[in-house]
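Subject: Structure handover

Hi,

Here is the structure you will be working with. Please open it first, then read my notes below.

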Amino acid sequence: MSGNLKGHDGEGREFHSPDELWAVEADSDGKHNTWYQKAVSYWDQQEASYNGVLGGFGYTSDLDVRDSRALLLKSMRVQLEAADKGQRQLTALDCGAGVGRVTEQLLRHHFHAVDLLEPSRHLLDTAGKNLSARTVPQPRGTVGNLYCAGLQEHNFEPGRYDAIWIQWCLLYLTDVDFITLFHRAAAGLKPDGLIFVKENICKEGFVVDKDDSSLTRSNTYMLDLFERAGVQVLYNVKQRNWPKELFEVRMYVIKPRVQEGSGMQT
Ligand SMILES: C[S@@+](CC[C@H](N)C(=O)[O-])C[C@H]1O[C@@H](n2cnc3c(N)ncnc32)[C@H](O)[C@@H]1O
């Protein structure tokens, strides 16, 4: 399916398929280290603040968190009720965490421990400082492990997480790494754990941004990759009240499929 998807970048270059893009962006060894390094270099130069990680649209943070919270509460009602009764300790991983905005505003209010993964050292350091210094009113959770790494290279601790939150960073992953990520992340989940993806979405095909080495995909393209990753999409929800001048934003709640006969999640 994704072979039929066409794309373009901001410099007038057209791509007939994602494979053409990945061939153009490959290093001489066929890997995409330069593609990934360019993204981290871009983020190394951005301001370490909510406004910086939201591309100058810091005012959208509250809107974003409001819809995320509604979907989290709906998707994890059983687990959160058990936590409220003191029957369960919940752990989350915030991926591409930036300065820890999603953890501070959302995850630490519902999970007992939140780990952060972020490849830009200065953003991760700021997240660590923000989360230890700020006195959020009665947060449930503490900050756990801080991993300075990209999603394409991270090894998830087996069976640790009730939720893995991946917001505005899948757009940095090649298709191959996008697909394998879900296999690796599934191993990091508890048996009823879920993966939450929140991402910019273009109307059709894909749009490449050479500045930060990213790829905004259409909803069709995202669903095709989820299908190829062999995961189940429980919810596919559009962010409401989003500024018209920005890409549409969608949230996907993902459940790994259980491998028949093995009791293992994939
Ligand atoms: C638009 S910011 C979003 C930050 C945070 N998720 C939020 O919503 O506030 C994108 C983040 O993705 C991170 N990033 C870039 N490449 C990545 C990769 N390969 N894996 C994981 N995160 C990546 C950037 O360093 C940056 O912090």
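This is a predicted model: local features need pLDDT of at least 70, side-chain atom pairs count only at pLDDT 80 or more; totals for chains, interfaces and linings use all residues.

Residues are numbered from 1 along each chain as its sequence is written, and side-chain values use heavy atoms, with hydrogens and water left out.

**The ligand**

Next, the polar contacts (pairs of N or O atoms within 3.5 Å). Gly96 uses its backbone: an N or O atom there lies 2.8 Å from a ligand nitrogen. Glu118 uses its side chain, with an N or O atom 2.6 Å from a ligand oxygen. Gln152 places a polar side-chain atom 2.9 Å from a ligand nitrogen.

How much of the ligand does the protein bury? Alone, the ligand exposes 600 Å², and the protein buries 97% of that. Areas come from the Shrake-Rupley method with a 1.4 Å probe.

Helices are DSSP runs (H or I) of at least four residues, and strands (E) of at least two, numbered from the N terminus.

**The largest pocket**

The ligand takes up the space of the largest pocket. A pocket is an open set of points on a 1 Å grid over the protein atoms alone, where a 1.4 Å probe fits, with protein on both sides within 12 Å along at least five of seven lines; lining residues have an atom within 4 Å of a point. The volume, the space filled by probe spheres set on the points, is about 1,100 Å³. Of its 47 lining residues, Trp43, Trp168, Leu171, Tyr172 and Asp212 are closest to the centre. α2 gives the most to this lining, with six residues.

**The second largest pocket**

This pocket has a volume of about 300 Å³. It is lined by 14 residues. Lys238, Leu246, Phe247, Glu248 and Val249 lie nearest its centre. β7 (189-202) and β11 (248-256) each give two or more residues to the lining.

Best wishes

Key: A polar contact is a pair of N or O atoms within 3.5 Å; within protein, one must be able to donate a hydrogen and the other to accept it, and residues adjacent in sequence count only if both atoms are side-chain atoms. A molecule sits in a cavity or pocket if more than half of its atoms lie within 2 Å of its grid points.
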